[in-house]
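I opened a new notebook page for this chain.

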Amino acid sequence: MVSNTNSLSKDIEDELIEPQLNILLTTDEDDLRPVYISGNFNNWHTQDSHFVMEKIGNGLYHYKFSNDFVYPEELLYKFTKGDWSEVEIDKYGNRTPNRVCTQNSGVRKEHVDKWRRNWLPFKPNFLPKVHLISEEFEIPQLNKTRRIWALLPHDYESSNEHYPVMYLQDAQNLFNENAEYGNWEIDKKLAVMAEYNIGKIIIIAIEHAEQDRIKEFNVGNTILGAGQGKKYIRFITDTLKPFVDKQFRTKKEREYTGIGGSSMGGLVSIFSGIMYPEVYGKLMIFSPSLWVIPKMDFSSVDFSEPGDTKIYLYAGGDESATMIDHVKKFKKRMIKNEFVSNKMKINLSINMLGKHNETYWSDEFPKAIEWLFFNTKDN
């Protein structure tokens, strides 16, 4: 297969007589996903339709820069299958350096050995430091205790940096290898993000209340009955966050503070943002249980002060018959007020094959963190 590809590549190379720069890419691993070029010429955007390569054979791709393309002094770039979770890697699974090109015409031949899948593999030395804050952290609002973890950047102890913070529900399913239904593998995903210099963040992981989980995440009176969600949200905001800000080197402001979760954990995170827009500037909402409050009204919610709010909203098409419809209506209601829509950014991510489980939330997690907190950097 390799020899056939090389032969076809040579034939095409001989036919490329345009003055523009042409890139010919061969790869040992091929599938139906398109290949994109991402670089310093398009802010490292990973799904830029202007820079998608043409598949011209098995494991063979071609791209020709346009006549009016403005070449930087050095063209820096990488190949991806759509985002940084599926970026090129070498045959040993290592990160590859940026490719560098100074020519403005002719043919440049490139080769990719392998592609990342779902952000893996990871390097152990980049894993976050998992710190158990308490086996029995007191929740005075509910007269309960809870186990809470902090995942600190891998070099936290050797640096003086301050970090943004994301509060996540359902810690049992975030990084526990023995979780019954699998886990998000956020520790491994954070390791890959650190390796690629995407950004460093502190994750505060709060274990759910087991048999009382639904009651604790249910806000107000809903079709599930009376919930304890408002008290739980006040715990995170009034008790846990001040403790975390005092205990760790955090960036305390709302633009560096997020809250998120999936399913009922996503629902209670929505209400956290509604109740305390001055505290949470980032919401990470995966597969929210919007069916619990199907007529949720946001017309009276004031997200206009004190600053912009970013919401990463994800749903899978294979979760339920109504999931996609619910999240689309949720987005529409959130930005119904024209003034609020100017202050709010919502990234709606839909995977039509996505199911209601940790595997799909795991894949979405680093994408959400990057969009919510960090600008794409040279990778």
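**Ground rules.** I am working on a predicted model, where local features need pLDDT of at least 70, side-chain atom pairs count only at pLDDT 80 or more, and totals for chains, interfaces and linings use all residues. Residues are numbered from 1 along each chain as its sequence is written, and side-chain values use heavy atoms, with hydrogens and water left out.

**Whole chain.** I found eight helices and 19 strands (DSSP runs: H or I of at least four residues, E of at least two, numbered from the N terminus). The chain has 379 residues, and 55% of them count as buried (under 20% relative accessible area; exposed is over 50%, partly exposed in between; 1.4 Å probe, protein chains only). I then checked contacts (heavy atoms within 4.5 Å). Among those with a separation of 6 or more, 74% join residues 24 or more positions apart.

**Pro124.** I looked up its place: Pro124 sits in the loop between strand E9 (114-115) and strand E10 (129-139). Pro124 counts as exposed because its relative accessibility is 57%. Its C-alpha is 9.4 Å from that of Val192, 68 residues away in sequence.

**Second largest pocket.** Here I noted the lining only. Helix H8 (residues 358-373) gives the largest share of the lining, four residues.
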